[in-house]
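Open the structure in your viewer and keep the selection tool at hand.

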Amino acid sequence: MVKLSDNALRVLERRYLVKNERGEVIETVEELFWRVASAIAAADRLYDENADINATEKEFFELMSSLKFMPNSPTLMNAGRELGQLSACFVLPVGDSMQEIFDSVKNAALIHKSGGGTGFSFSRLRPAGSVVRSTGGVASGPVSFMKVFNSATEAVKQGGTRRGANMGILRVDHPDILDFIKCKSVDGEITNFNISIAITEKFMEAAIKGESYELIDPHDGAVKGTLSAKMVFDLLVDSAWKNGEPGIVFLDRMNADNCVSHIGEIESTNPCGEQPLLPYESCNLGSINLQRMVKKTENRYEVDYDLLRNTVHSAIHFLDNVIDVNCYPLPEIDNMTKLTRKVGLGVMGFADLLFRLGIAYDSEEAIELASSIMKFINDEAHEASRRLAEKRGPFPAFFESTLDKKTPIRNATCTTIAPTGTISIICNASSGIEPLFALSFVRNVMDNDELPQVDPFFADIARKRGFYSNELMRRLAKEGTLHGFCEVPEDIKRVFVTAHDITPRYHIRMQSAFQRYTDNAVSKTVNFPNAATRDEVAEVFMLAYKLRCKGVTIYRDGSRGDQVLFVGDKVKKEETKTREITPRARPEVTRGITEKVVIGCGNLYVTVNYDDEGICEVFANLGRAGGCPSQSEATSRLISTALRSGMHVDAIIEQLRGIRCHSTLRQRATNPNIKVLSCPDAIARVLKRVADIKAEEDARKNLSAGESFKTPIEPANSYEFDGHIMDIEKAGAVNCPECGNDMEHEGGCVICRACGYSKCG
């Protein structure tokens, strides 16, 4: 009989179990596991007509029902059902033509409908403003097209079980890199994307040395200018400090581990960043529940390596079978996936394992355990894959790969550390390799009652040691950490640390420890307290580079408008109050530029001025009679008022860009000097140019004033935050839109651990 927590049952009933046309659940949990086990075991017959399918089916059923291993959500949802799409993530190419771009939009919609997430590199697209010779038009650039993909994702609801999720990546040497870094600075923009910058070794070397680097036009390979690498790095840090994005991926080291480089170059990853993939590849993920990989000897727990070995071998067998029974959404994906047969076996419940072993997450012992246990899993996964190759043959691209030809292997990659989201809820385990976010939190139930939800192992220890009480658990849910609880023994406080007790340095060191023995990459969020500085974020980015991570995602508590799971009393939403917004006075002295732009009515002279506080005014004048000067003046006045009232310039640019005027469009057909669509479009372009000038000016001013982020060459060993007071209340908290409980930030996404709702971007 499958034993699950009440919370796991709720999540399964809501999102995984089969329902009839009236939305009624018609499948039990046990039937779900048998359905999946049967569908996946059937692949054995492809390689041996006498295979004992029943034995394999029982093996897979026991693997899942015992909560030792769980495949990714699409496999649980769709195996043995009509849809049959079992992969979690895909990467699609985005070529530099209108047909290629919209083919990719269409293909992404099909993948989202089937329950998968998609990653894209927009690095092949020519920069905004480039002339398209075939049409005489002007290229919109990567950010503009990413918004098209975002809108398409919004329209696809994935059958009510999973929301569309995307990763958008741009190379750091793309000419539009500054636009891309800032593209999510306005709340509500590009909400269905996580974004990351593809960092090169050349860029990092230039940033460390304080040198410039070249920007390359992907269309023709020409150098389009240079930027200060330090300035770009600081802008990246500033944006991540403000709202957690963009993340960074170290593209060169991902490609250094690309064993099938003869097929293609890795350009992008899946939405949470842990799975680098070639265009049209998919990956099938699953995770071992480490809290189940223990045995008790007398009064202590220890890792059961025999059980772990058997579980790894069964899991690799399971994941390799998934590749064959999968119904892929595109023939190109079917072909590429079977050419390399990549799988990604990872872990969950690592924090739970540490609790049982009595090891603090932020300790040298935990770092050493992470390395040794992942090395064991990786070695055994490769051994299991080699055994499969003996029976089934290596992956088809093996003999052209960079792998050792003497030892054929079934799968080009075997291991990945993914965020485990809802499958960790099903297994009642901590997510991935993350520390526990909270030992206790309050769950809202009927009649506005609130019940403390406590980590079961901590509750058991608290009862045995005599300090358990509902009052203490409610206090703990409010404070979020045992720090300052004098009634809790010190040895318990040291072991039961949570995410915000742990310094960012230890977060990165833990990620590095797992990365050392992981084929693909590691999903990990580095949590910062709200009071963290930009310097501390810069140090973590540099430390991730130094420690050979393949990417890093950070989140500073309370830095987003859609704040996720938070520590402290829930912030009650105040009633909206009407208030008058008064524009600031026009400054006496401004600086700026005037640019001549050719439009259908003649020459438009656009002046954009700014002061130390930001862009503050716009003037637009026609150089000769005609046109609509009154409308240009009205537009300019309204823009100036909005800017001095605090409206973000990016929001104004977004509203103006792309507006069309028939007069200008008619003239564009014969006048190659016209590169805009209308007066408002021209104003948007000049606003954008001045916004970039202002941003670079601010960065240089900070450098000269000695207030810039101090990029560390060798991070100090004594890296700590001052104090450990982590009870900051965070403004802007929101609840799960489906069940009203708090949500948790994980790998660039958010997840509700109460009902399983999740969203990336």
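Select Phe-355 and Phe-496: both are buried, a term for under 20% relative accessible area, with exposed over 50% and partly exposed in between (1.4 Å probe, protein chains only). The model is predicted, so local features need pLDDT of at least 70 and side-chain atom pairs count only at pLDDT 80 or more, while totals for chains, interfaces and linings use all residues. Residues are numbered from 1 along each chain as its sequence is written, and side-chain values use heavy atoms, with hydrogens and water left out.

Rings of Phe, Tyr and Trp (its six-membered ring) pair if their centres lie within 6.5 Å; planes under 30 degrees apart are stacked, over 60 edge-to-face, and the rest tilted. By this rule there are 21 aromatic pairs.

Now go to Phe-350 and Phe-514. Their ring centres are 5.0 Å apart and their planes stand at 90°, so this pair is edge-to-face. Phe-350 is in helix α13 (residues 350-357) and Phe-514 in helix α19 (residues 504-515), so the pair ties together parts 164 residues apart in sequence. Helices here are DSSP runs (H or I, at least four residues), numbered from the N terminus. Both Phe-350 and Phe-514 are buried.

Return to Phe-355 and Phe-496, a tilted pair with 4.5 Å from centre to centre and 35° between the planes.

Last, select Trp-241: Arg-534 lies over its face, 3.8 Å from the ring centre. A charge counts as over a ring if NZ of Lys or CZ of Arg is within 6 Å of the ring centre and within 35 degrees of the ring normal.

Methods. Helix = DSSP H or I, 4+ residues; strand = E, 2+ residues; numbered from the N terminus.
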